[in-house]
Amino acid sequence: MALSTKKSEEGGSAGQPRLLSGGNPQIAKGDGDGPVQAYIAAMPGWKRQAGERLDALIVRTVPGVRKAVKWNSPFFGVEGQGWFLSFHCFNKYIKVAFFRGASLQPLPPGASKSPEVRYLDIRENDPIDEDLLASWIRQAAHLPGWTP
């Protein structure tokens with residue numbers, strides 16, 4: 001279902017989530033896979049397939065991963081350890097945040113104002129090194145996570 005109509009971008013229609021600035025879906029916060037799948041389904045254009053691929057990789061890499069949508073972004077964590085990863089849509093890319101990314105090897109490429117956080121930006125035609133991404137996910141899931 002395309003979300004590129006003017007009506008959808010302004011305020012949503014017929015159950016379609018509203019797209020916020022940068023094309024990020026506005027999804028009600030909630031725990032579990034349902035809100036995360038609603039977010040992914042509402043991701044515009046090529047980002048939906050990238051979100052599906054990212055979600056599947058996280059689930060394969062961290063069995064029993066905990067999921068939620070908070071602050072209009074999917075969060076992934078380990079019960080009792082906090083959140084280790086989140087992602088967010090921007091106009092031209094998806095920003096993957098590793099909350100303890102400074103402890104990952106090799107270091108994810110994007111720096112943050114927070115010394116612990118590192119980012120990976122995924123753009124439409126970027127090749128994704130799934131082995132490296134899975135390694136970062138696996139490492140991040142074994143570290144103490146972020147708790148709001």
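Modeller: A cavity is a set of points, on a 1 Å grid over the protein atoms alone, where a 1.4 Å probe fits but cannot get out. The points are joined across faces, edges and corners, and the volume is the space filled by probe spheres set on them. This is a predicted model, in which local features need pLDDT of at least 70 and side-chain atom pairs count only at pLDDT 80 or more, while totals for chains, interfaces and linings use all residues. Residues are numbered from 1 along each chain as its sequence is written, and side-chain values use heavy atoms, with hydrogens and water left out.

The structure holds one cavity of 30 Å³ or more. The volume of the largest cavity is about 40 Å³. Its lining (residues with an atom within 4 Å of a point) consists of A50, R53, L54, L57, I122, I128, E130 and L133. Helix α3 has the largest share, with four residues. Here helices (H or I, at least four residues) and strands (E, at least two) are DSSP runs, numbered from the N terminus.

The protein chain has four helices and six strands, in the order α-β-α-α-β-β-β-β-β-α from the N terminus. Of its 148 residues, 45% are buried, where buried means under 20% relative accessible area, exposed over 50%, and partly exposed in between (1.4 Å probe, protein chains only). Contact means heavy atoms within 4.5 Å. Among the contacts with a separation of 6 or more, 50% are between residues 24 or more positions apart.

Next come the nonpolar cores. Such a core is a set of buried Ala, Val, Leu, Ile, Met, Phe, Trp, Tyr and Cys residues joined through side-chain atoms within 4.5 Å. The largest one has 31 residues, and F84, L85, F87, F98 and I137 have the most contacts inside it. At least two residues of this core come from each of α2, α3, β3, β4, β5, β6 and α4 (130-141). With six residues, α4 gives the most to this core. F84 shows what such packing involves: apart from its neighbours within four places in sequence, its contacts are I58, V62, V65, F76, G77, V78, A97, F98, F99, I137, A140 and A141. A second, separate core of five residues includes A68, W83, A97 and F99.

Helix α2 (residues 33-42) has the buried residues P35, V36, Y39, I40 and A42. These lie on the same side of α2, because they cover an arc of only 170 degrees around the axis, taken from the directions from the helix axis to the C-beta atoms. An α-helix has 3.6 residues a turn, so residues three or four places apart point the same way. The cover over the buried residues of α2 includes β1 (30-31), α3 (46-61), β2, β3 and β4 (82-89).

Two loops complete the picture. In the loop between β2 (66-70) and β3 (73-78) sits W71, whose phi is near 50 degrees. W71 is exposed, with a relative accessible area of 57%. N72 is in the loop between β2 and β3 as well, and its phi is near 60 degrees. In the loop between β5 (93-98) and β6 (118-123) lies P106, joined to Q105 by a cis peptide bond with omega of about -10 degrees. Most residues other than glycine have a negative phi, and most peptide bonds are trans.

Key. 1 Å grid on protein atoms, 1.4 Å probe; cavity = no way out; pocket = protein on both sides within 12 Å on 5 of 7 lines; lining within 4 Å.
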